[in-house]
Amino acid sequence: MLQVCLNGPRTAADSGAVPMSPAALAEAARQAVAAGATDIHVHPRTPCGRDSLSPRVVGPALAALRAVVAVPVGVPAGARAEPDPPRRVARIASWTVLPSPKFSAPLEQGGTPIASVNWHEPGAEAVAGALLERGIGVEAGLWSGTDGPERFARSPLAPRVLRVLAEVTVTDPDTATATARELLAAVATSGHGRPVLLHGSDGGAWPVLRLARQRGLDTRIGVEDTLLLPDGRPAADNAQLVRAAAAGPGAP
């Protein structure tokens with residue numbers, strides 16, 4: 001599975017390749033899926049560019065994407081959008097448009113709503129529980145350099161998540177791969193038995209993606225993770241990054 005991460009915390013000030021509005025996100029998603037993406041991760045944003053879990057922000061973004069693609073669409077349910085865990089839970093309960101395609105089907109066919117939860121953040125289990133209660137599948141974000149993997153290993157919710165999102169936070173291309181291997185080893189100790197999506201960011205994005213391919217793991221690419229192609233040129237858009245990833249950007 002190749003997930004495209006359309007925007008993340010980046011803004012138009014970082015690059016013209018970052019889609020912001022619901023319409024721009026929808027067009028970026030359409031092009032990325034045409035280029036080979038089979039899953040979408042998107043950060044719904046307010047008009048001023050802030051991450052938000054408000055139904056007035058999440059709903060229009062998801063509705064725009066659902067109108068043009070028929071692949072799983074997931075959103076983050078993290079502290080960046082709402083630092084207070086009880087408020088985060090309340091926001092999730094208020095969603096009127098869920099992060100899923102227009103039709104009901106198994107996950108591999110485009111169904112099952114998805115949201116990601118960073119396990120090192122305060123209130124992660126309460127937020128994950130709220131998502132599961134709404135029938136929204138949880139993507140467990142386990143970051144390198146945090147206690148997320150250890151906390152996840154102790155969590156009674158670990159066997160219930162849809163997949164683990166192993167995130168390598170080291171951006172040095174010379175050390176990101178080694179950090180990824182350490183993270184995968186830590187993730188494996190939980191015995192969760194769930195699929196793993198491995199990805200990196202900035203300078204570590206392409207080395208970690210190559211390792212994921214070598215290990216036969218799901219992975220992702222997009223302007224949230226990197227603004228550059230494997231050869232160091234700026235990417236024109238998410239679709240160009242997806243095409244480079246789908247083509248196989250060489251050995252580490």
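The legends below describe close-up views of a predicted model. Residues are numbered from 1 along each chain as its sequence is written, and side-chain values use heavy atoms, with hydrogens and water left out. Because the model is predicted, local features need pLDDT of at least 70 and side-chain atom pairs count only at pLDDT 80 or more, whereas totals for chains, interfaces and linings use all residues.

View 1. Strands (E, at least two residues) and helices (H or I, at least four) are DSSP runs numbered from the N terminus, and two strands pair if DSSP finds at least two bridges between them.

**View 2. Strand 2 beside strand 3.** Strand 2 (residues 39–41) and strand 3 (residues 73–76) run parallel and are joined by 2 bridges. Within this pair, V73 of strand 3 stands opposite I40.

View 3. Axes are lines fitted to C-alpha atoms, for helices over the stretch in contact (heavy atoms within 4.5 Å), and angles run from 0 to 180 degrees between N-to-C directions.

**View 4. E139 in strand 5.** With a relative accessibility of 2%, E139 counts as buried (under 20% relative accessible area; exposed is over 50%, partly exposed in between; 1.4 Å probe, protein chains only). Leaving aside residues up to four places away in sequence, E139 touches Q3, H41, I114, A115, S116, V117, R163, L165 and L197. E139 and N118 lie 21 residues apart in sequence, and their C-alpha atoms are 8.5 Å apart in space.

**View 5. The lining of the largest pocket.** A pocket is an open set of points on a 1 Å grid over the protein atoms alone, with protein on both sides within 12 Å along at least five of seven lines; lining residues have an atom within 4 Å of a point. Of the 26 lining residues, P9, R80, W143, E167 and E224 lie nearest the centre of the largest pocket. Strand 4 and strand 6 (163–167) are the elements that give two or more residues to this lining, and strand 4 gives the most, with 3 residues.

**View 6. D202 in the loop between strand 7 (196–199) and helix 7 (205–215).** D202 has a phi near 50°, a positive value in a residue other than glycine. At a relative accessible area of 37%, D202 is partly exposed.

Conventions:
1 Å grid on protein atoms, 1.4 Å probe; cavity = no way out; pocket = protein on both sides within 12 Å on 5 of 7 lines; lining within 4 Å.
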